[in-house]
Amino acid sequence: MSKRVQHTDVRDGYDRWAESYDRTPNPLVALDRRYTGELLRPGRGERILDAGCGTGVHLGLMLRSGSSPVGLDLSRGMLTVTRRKYPSIPLAQADLNGRLPVRRRAFDAILCALVGEHLSNLRLLFREIRDGLVRGGRFVFSVFHPEMAAAGIEANFERDGVEYRLGALRHTVADYLNLIDRTGFRRIEVHEFHGDDVLVQQVPWASKYLGRPLLLAVEARTTR
């Protein structure tokens with residue numbers, strides 16, 4: 001019998017996925033957890049915003065590093081899971097396609113991980129992130145690699161015999177980099193991470209992604 005497939009909007013999809021998200025084997029999330037925190041390098045006493053915090057994996061790293069994290073997410077379900085794990089961290093619901101509920105120059109670093117393919121107003125997001133950073137502040141942006149989105153792959157999960165698909169806007173690598181540059185960020189560094197043997201050990205079915213680019217990550221700084 002064929003599997004039932006349901007397309008859903010981003011907010012509803014992540015609300016449904018929230019309770020099982022951390023238990024869902026996901027090669028993209030595994031790569032992001034391996035590399036993105038190392039790029040961010042959260043420091044003791046730093047004020048750091050996680051824009052699109054999900055279930056709080058990176059917030060936990062920030063907290064353990066002695067920084068002062070804040071989390072934003074579109075999904076109330078995801079925020080509920082995060083609040084349960086990290087009750088001391090300030091959290092707020094926010095649509096990253098709109099203005100962010102943060103003060104200007106409030107953060108030493110801002111992370112935005114694994115939400116880019118869901119966003120239609122990247123120009124505004126990058127401007128809001130720039131304005132939220134101190135001079136010389138760090139921005140780390142990671143996203144489902146555009147080559148995967150172009151191949152028709154999208155965020156998905158199964159629940160009660162239904163496969164839910166959340167869609168993926170087909171931004172290109174150039175789209176992301178040009179917008180980050182035009183927003184005024186400098187010292188832009190680009191990283192592409194591929195499926196490898198370590199990933200297959202973590203998620204065996206990810207063997208089909210061996211050697212393929214799965215994660216795009218960008219580091220940048222505001223001007224001093």
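Predicted model: local features only at pLDDT ≥ 70, side-chain atom pairs only at ≥ 80, totals over all residues.
Colleague: Why is E128 called buried?

Modeller: E128 has a relative accessible area of 11%, and buried means under 20%, so E128 counts as buried.

Colleague: Where is E128 found, and which residues does E128 touch, not counting residues up to four places away in sequence?

Modeller: E128 is found in helix 5, residues 122-132. With those sequence neighbours set aside, E128 touches G98, R99 and L100. Contact here means heavy atoms within 4.5 Å.

Colleague: How do you know that strand 7 and strand 8 pair?

Modeller: Two strands pair if DSSP finds at least two bridges between them. Strand 7 and strand 8 (residues 162-165) have 4 bridges, so they meet that condition. Their pairing is antiparallel. As one instance, R159 has V162 in strand 8 as its bridge partner.

Colleague: What is the order of the strands in the open sheet of 3 strands?

Modeller: The order is 1-8-7, and the pairing is mixed.

Colleague: What makes strand 1 and strand 7 stand at the edges?

Modeller: Strand 1 (4-7) and strand 7 (156-159) each have a single partner strand, so one side of each lacks a neighbour in the sheet. From one strand to the next, the twist averages 25 degrees.

Colleague: Which helix lies across strand 1, strand 7 and strand 8?

Modeller: That is helix 1, residues 10-21, which runs at about 55 degrees to strand 7.

Colleague: Which residues touch the most other members of the largest nonpolar core?

Modeller: They are Y14, W17 and L40, in a core of 42 residues. Helix 2 (residues 27-40) gives the largest share of this core, 6 residues.

Colleague: What is L40 in contact with, leaving aside its neighbours within four places in sequence?

Modeller: L40 is in contact with I48, M62, A109, L111, R138 and V140. Another core, of 27 residues, lies apart from the largest one; A94, L100, V115 and A220 are among its members.

Colleague: Which residues of helix 3 are buried, and what covers them?

Modeller: In helix 3 (residues 57-64), the residues H58, L59, G60 and M62 are buried. The cover over the buried residues of helix 3 includes helix 2, strand 2 (47-51), strand 3 (68-73), helix 4 (76-85), strand 4 (91-93) and strand 5 (107-113).

Conventions
Residues numbered from 1 in each chain as written. Heavy atoms only, no water. Helix = DSSP H or I, 4+ residues; strand = E, 2+ residues; numbered from the N terminus. Buried < 20%, exposed > 50% of the residue type's maximum accessible area, 1.4 Å probe, protein only. Axes fitted to C-alpha atoms, helices over the stretch in contact; angles between N-to-C directions. Core = buried A, V, L, I, M, F, W, Y, C linked by side-chain atoms within 4.5 Å.
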